[in-house]
Amino acid sequence: MNEMPRNPSPLSTPLRIEDVEASVQRHRARRAARARVSAVLSPLGVVIVLLALWEAGTRAFGVPAFLLPPPSAVAVAIVTHAPLLAAGAWVTTVEILLGFLLSVVVGIPLALMIFLWPPFARAIFPLLVSSQAMPKVAIAPLLLVWFGFGMVPKVLIAFLIAFFPVVINTAVGLAAIEPEKIQLARSMGLSAMDTFFKIRLPDALPSIFGGLKISITLAVVGAVVGEFVGGDAGLGYLLMVANGSMDTQLLFAGIVCLTVLGVVLFGLVELAERLALPRYIISDDKGMGGTL
């Protein structure tokens, strides 16, 4: 008796390499999309829960508004004083950016000199450490005496606080490259200049951007410290005025604006890092997707 021909099973059909690669790419895209959505929704959910607990707590326990206003009152203060907050935020933003840019312009060349010239590193490093140990609030009045009550003292204070991470991270990043990469470059006949710009500097960029992200947040602190000591405009000055008049709602509104400003500036530096380092995006997506 002749056997009936069997229909080939779909499972027995060999998969093409193109189909496998397309499936893997779709899976990676979905995983990356879930990671990006989770990165936004997770902290947003935590903030909403904390605000709800804050609002409920202040109303349930009858906390006076001059001690701890509820978030709804702070939101009303932000809307009411929006022009005043916007004007102060503009002044503070200019001070922060100038101090940050000055820290980059001074910090990266200084780190290059520390890396390339060991005697200079031994001479300057104790001075760098002592400059960070010195309280900036104590230096601020002296800067006011030297440069007056304009924007220059605030920019200089922001610079003095923000430049140290740029110097240290850049110097560490330049020195942390594997010796095998340098030996490979020399075996390929690359000059010292080509080795630096094509191998050593790209390898140090993640560390440099790490210092820049720390620096931009410290620049916010420096600008506010300068406005506390001798400012006549900006969010720091607005906080001092609100504190003197016991306007707690305006005080919290200024703190919220400063927080948002710091987060936005940090995000801009991180965006610049992602644009400068395409590999960073790939590794970040993989790492975030692997934790889901």
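Q: Contact here means heavy atoms within 4.5 Å, so among contacts in the protein chain between residues at least 6 apart in sequence, what share joins residues at least 24 apart?
A: That share is 73%. Before going on: this is a predicted model, where local features need pLDDT of at least 70, side-chain atom pairs count only at pLDDT 80 or more, and totals for chains, interfaces and linings use all residues. Residues are numbered from 1 along each chain as its sequence is written, and side-chain values use heavy atoms, with hydrogens and water left out.

Q: What does pLDDT say about the protein chain, and which element has the lowest mean?
A: pLDDT is the predictor's confidence in each residue, from 0 to 100. The chain averages 81, with 88% of the residues at 70 or above. Helix α11 (residues 278-290) has the lowest mean, 47, while α3 has the highest, 91. Over residues 280-292 the score stays under 50, and the model has 18 contacts beyond four places in sequence for that stretch.

Q: How many helices and strands are there in the protein chain?
A: Eleven helices and zero strands.

Q: Why is Ser103 called buried?
A: Buried means under 20% relative accessible area, exposed means over 50%, and partly exposed is in between (1.4 Å probe, protein chains only). Ser103 comes in at 0%, so it counts as buried. This serine sits in helix α3 (residues 82-116). Leaving out residues up to four places away in sequence, Ser103 touches Ile108, Phe159, Ala162, Phe163, Val166 and Ser215.

Q: What makes the pair of Phe159 and Phe163 stacked?
A: Rings of Phe, Tyr and Trp (its six-membered ring) pair if their centres lie within 6.5 Å; planes under 30 degrees apart count as stacked, over 60 as edge-to-face and the rest as tilted. Phe159 and Phe163 have ring centres 5.2 Å apart and planes at 25 degrees, so stacked it is. They are four residues apart in helix α6 (residues 152-175), about one helical turn. Phe159 is buried at 13%, and Phe163 is buried at 6%.

Q: Which parts does the salt bridge of Glu273 with Lys213 tie together?
A: The closest N and O atoms of Glu273 and Lys213 are 3.0 Å apart. Glu273 lies in helix α10 and Lys213 in helix α8 (residues 192-230), so the bridge ties together parts 60 residues apart in sequence. Glu273 counts as buried at 3%, and Lys213 counts as buried at 14%.

Definitions and conventions:
Helix = DSSP H or I, 4+ residues; strand = E, 2+ residues; numbered from the N terminus. Contact = heavy atoms within 4.5 Å. Salt bridge = Lys/Arg side-chain N within 4 Å of Asp/Glu carboxyl O.
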